[in-house]
Amino acid sequence: MNLLLAAYFGFSDMICMSQIGVILIVGALWVMGGSLTVGTLFAFLTYVGMVIWPIRHMGRVLTDTGKAMVSLGRLCEILLVAEESQHERIPSGPLSGEIEVSQLAFSFNGDQEVLRDISFHIRPGETLALMGPPGSGKSTLAQLLLRLYDYQSGSILLDGNELSRLNRKYVRSQISIVLQEPFLYSASIGVNLQVGRLDASDSDLTDAASAACIHDSIMQFPRGYKSIVGERGVTLSGGQRQRIALARALLKDPPILILDDALSAVDTDTEAMILNALRSRRGRHTTIVIAHRLSTVMHADRILVLHDGLVQQSGDHHELMNQSGTYRRLCEIQGAMEVEIEDKRQRISS
Amino acid sequence: MSDVFFDDDNYSDGFDDDSFKQGMKLNLWKKLLGYTLVYRVEVIMLATFAITTAIAEIAFPLITRAVIDAVDEFGTDANLWGYAGAYFGFVLLICISVGGFIWYGGKIRTHVSHDIRRSGFENLQRLSFSYYDFRPVGWLMARMTSDCERLSNILAWGLLDLIWGITMMAGIAVAMLYMDFLLAIAVLSVLPILAWVSITFQKRILKSARSVRKTNSRITGSFNESIMGVQTSKAFVREAENLNNFSQLSTRMFDSSVLNAVQAAVYLPIVLTLGALASGLALVLGGVEVIAGFVTTGTLIAFLTYTRHFFEPIEELAHWFAEMQMAQASAERTISLIEAESEIKDSPRINKAMKAHEPDPSGLVAIDGMKDVIGLIEFEDVSFNYTDGPAVLKNINLTIRQGESIAVVGSTGGGKTTLVNLLCRFYEPTSGRILLDGVDYRDRSLHWLQSNLGIVLQSSHVFGGTIADNIRYGKLDASDEEIRLAATRAGADSFIRSKENGYDQQVGEGGNQLSAGQKQLISFARAILADPQILVMDEATSSVDTVTEQYIQQGMQKLLQDRFSLVIAHRLSTIRNADRILVIEQGNHAALLGQEGRYYSLYTRQSIQDLSRRQHVWLTAK
């Protein structure tokens, strides 16, 4: 590239300057012969100089054009990607929160199915817990509900409406999700909470924060709700970030609430308080909880144990305890003592 | 709310513009010039070619003058062949020179850009954790890409034009003074006005340029945030808000760019006008002198050509001067990045010891010349607070013996992760000491300590590449068999085998083809493969189900025998195998539990103050 440029500019300069030289010499000969005045020759030389400048700059223009074409191609790669469709139906009112999933199957790339033949039914206000080893498809199920991806076969009905025929933005406005590694914007805590609901009042904020057991921690920061969250919330601990994200989701007060391993970094004490607060809101949201801790899932109306994209077990705590299977083994591992402790904790705190 | 998003008072990119004085900062450019001067031969060649180009350009009007005067004087008798020869000689010279300086300039530019990037990157890796606390990724990205590009352009092409311009102007001035002193003085009298105009304008241009750069930094940051947070933005249907915020930034960029362009656009014509004025002055005064017979026609023509060329370098130089001033903001930021001192680094004494250290075949001596094997870790009255923040840890005392497994529990924000960060020396205690076999770890090599650490975090980072590559990161020369063994111990083998390509499965950028739990298992395998003396697991299995976790624990038992291990967890099943449990809390939770044996204390109030009073709290779990 450098060599090419060097050659181009050197060569074009040589041609341009030679041309001036020819005009100078030939012109001088003509002046000698009397057919040209000195003034005309000078004017000529000046004009040639003017004409040559743009030519000398052509090289730069050409290389810049080449670079611009490459950039244009790259930009187009982004601009031409199909957008999410937005033309689907928007129901008039909010959802009641009923979810019916039947024979749902999904794969990211077409060959390896992440979810196979999933079926379950949640009535409005109920809590469903999802458990299972890593890669069993728990988070994928949550992403499908949000229409971040579209399923390939089977159906998901929200209040009897087929999910794939509902407008994405509408669906997302009806569902709140709290992720294990929540994303917080580089702004104040208050602004981050308001992401849930723009017109939320200060008391709404504190209510939601209290329910998520984060209000006291926020008040301990020097600027309270105005404290800035560093990029990706570095000034906050993992558990604090999770609780802010939970408060944000509660503030939105959606018909469906999804907690995707959202309390994993919260200690058991705080978790119990949060679960209590959620329980007092019971009936307000249909809740889907993805978790590994027994204490988080045991009070759910129904527990689904996923394995390799299949529902391995389904039922409430007592039903599953009475079956031999993954859930009971899990309870045994986590220990009878832990269950007892959790039970006692619930009793004391409620 | 968007105004809150862009409240400048609340925006910190870790860089204080006001602390940098206005105007040229010679020191800064001297530092940057250092990057260019590494390529001495290339710079000398560049300078030579710049000077020969200028000389050739100065020679042309002189030849023209000689030709015209000769024709004027001798008419048809004039012999022009000598001039023609000289002219084409100079054409050849200029042709070679231009080709030459473009070759060398391009070479210097590429090298300098590469070098600046590399030193920036190296320093980024060297810097301590705290540097990243408040600097958005986008800010750093802008430093490393567009700012870097801009600087290398100046350092190569700017340097070229500087040498060429100065030679050109000096040469023309000398030629004019030599030809006709008074006329020359008249033409050059425009210079002071030009200088004043330039200074006035450049100040304004710099100001708007800074605003452009600053906004650019934030636009990059905003892009970065919108990519990182895409799932959150979509889930909260925030696309419109985000776009609105972005347009605000973009509009601000537009406004300051337009202001900047307008200023530059006004400045150039003024320079041109002044140049034209000088030409006119030369024409009038020179014309009078020609009529009076004091000056030859050739001289007048040479003068007119010179006045036109005289201002060319000024335009170029003004362009580069403006560019330099604009880039000064870039330069300040890039240099601030390159020179940012890591807050945590080896003391000069350690550096000396490491230089003197001879490789030790027995493996008993560490690179800093001290014992390689750690037998005892002690926290002695350790307190810590992040910059300007409240105390996170207060007077922690703790002793860990080799082979011991310590579980750290406590409420969120209580300081568990901070404790680990201190142990890993990502941060250092604000007071108190951490001793390794009685030696303050600040007196040991940082590299040695950190290469003896295996850390598995809750949010495990997985790099693009295959699964095997990611595990191999723990030990670069590991065999496939070692990798499989580590993966098996980490409970990752079965899920890896179930992948289409097994260990050669691509994980996607940042591991986005893997679930959170799978990423944890991979980073676990990585830590096991690294065979560290100290193994830290910070919520390392939080995304793993209890059955898999149990499996991992069985695999780990033997592995942990002669190591230090620190486990942070909330699940009781994770910590039940620990030898001791350390409770760190801020002490504002009500006691919820009855008398339930060994876990009772886990849930009773344990404040850091309590810890300091009781030295350290530890319970025997088994």
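Which element gives the largest share of the lining of the second largest cavity? That share, three residues, comes from α9(A), where helices (H or I, at least four residues) and strands (E, at least two) are DSSP runs numbered from the N terminus. This is a predicted model, in which local features need pLDDT of at least 70 and side-chain atom pairs count only at pLDDT 80 or more, while totals for chains, interfaces and linings use all residues. Residues are numbered from 1 along each chain as its sequence is written, chains are lettered from A and ligands numbered from 1 in the order in which they are written, and side-chain values use heavy atoms, with hydrogens and water left out.

**Cavities**

- The structure holds nine cavities of 30 Å³ or more, a cavity being a set of points, on a 1 Å grid over the protein atoms alone, where a 1.4 Å probe fits but cannot get out.
- The largest cavity has a volume of about 380 Å³, volume being the space filled by probe spheres set on the points, which are joined across faces, edges and corners.
- Its lining (residues with an atom within 4 Å of a point) consists of 20 residues, of which A:M17, A:I20, B:T305, B:R308 and B:H309 lie nearest the centre of the cavity.
- Two or more residues each are given to this lining by α1 (2-33) and α2 (38-79) of chain A and by α3 (40-74), α4 (81-126) and α11 (297-339) of chain B, and the largest share, seven residues, comes from α2(A).
- The lining of the largest cavity divides into 12 nonpolar, five polar and three charged residues, with Ala, Val, Leu, Ile, Met, Phe, Trp, Tyr, Cys and Pro counted as nonpolar, Asp, Glu, Lys and Arg as charged, and the others, Gly among them, as polar.
- The second largest cavity, with a volume of about 210 Å³, is lined by 16 residues, of which A:T127, A:L275, A:L278, A:R279 and A:R282 lie nearest its centre.
- In chain A, α9 (268-280), β8 (286-290) and α10 (294-297) are the elements that give two or more residues to the lining of the second largest cavity, which by class has five nonpolar, eight polar and three charged residues.

**Helix packing in chain B**

- The axes of α16 (residues 480-489) and α18 (residues 516-530) of chain B come within 8 Å and cross at roughly 120°, the axes being lines fitted to C-alpha atoms over the stretch in contact, with angles from 0 to 180 degrees between N-to-C directions.
- That angle makes α16(B) oblique to α18(B), since angles under 35 degrees count as roughly parallel, over 145 as roughly antiparallel, 65 to 115 as roughly perpendicular and the rest as oblique.
- The contact (heavy atoms within 4.5 Å) is made by B:E482, B:I483, B:A486, B:A487 and B:R489 of α16(B) and by B:A525, B:I528 and B:L529 of α18(B), and these residues divide into six nonpolar, no polar and two charged.

Key. 1 Å grid on protein atoms, 1.4 Å probe; cavity = no way out; pocket = protein on both sides within 12 Å on 5 of 7 lines; lining within 4 Å.
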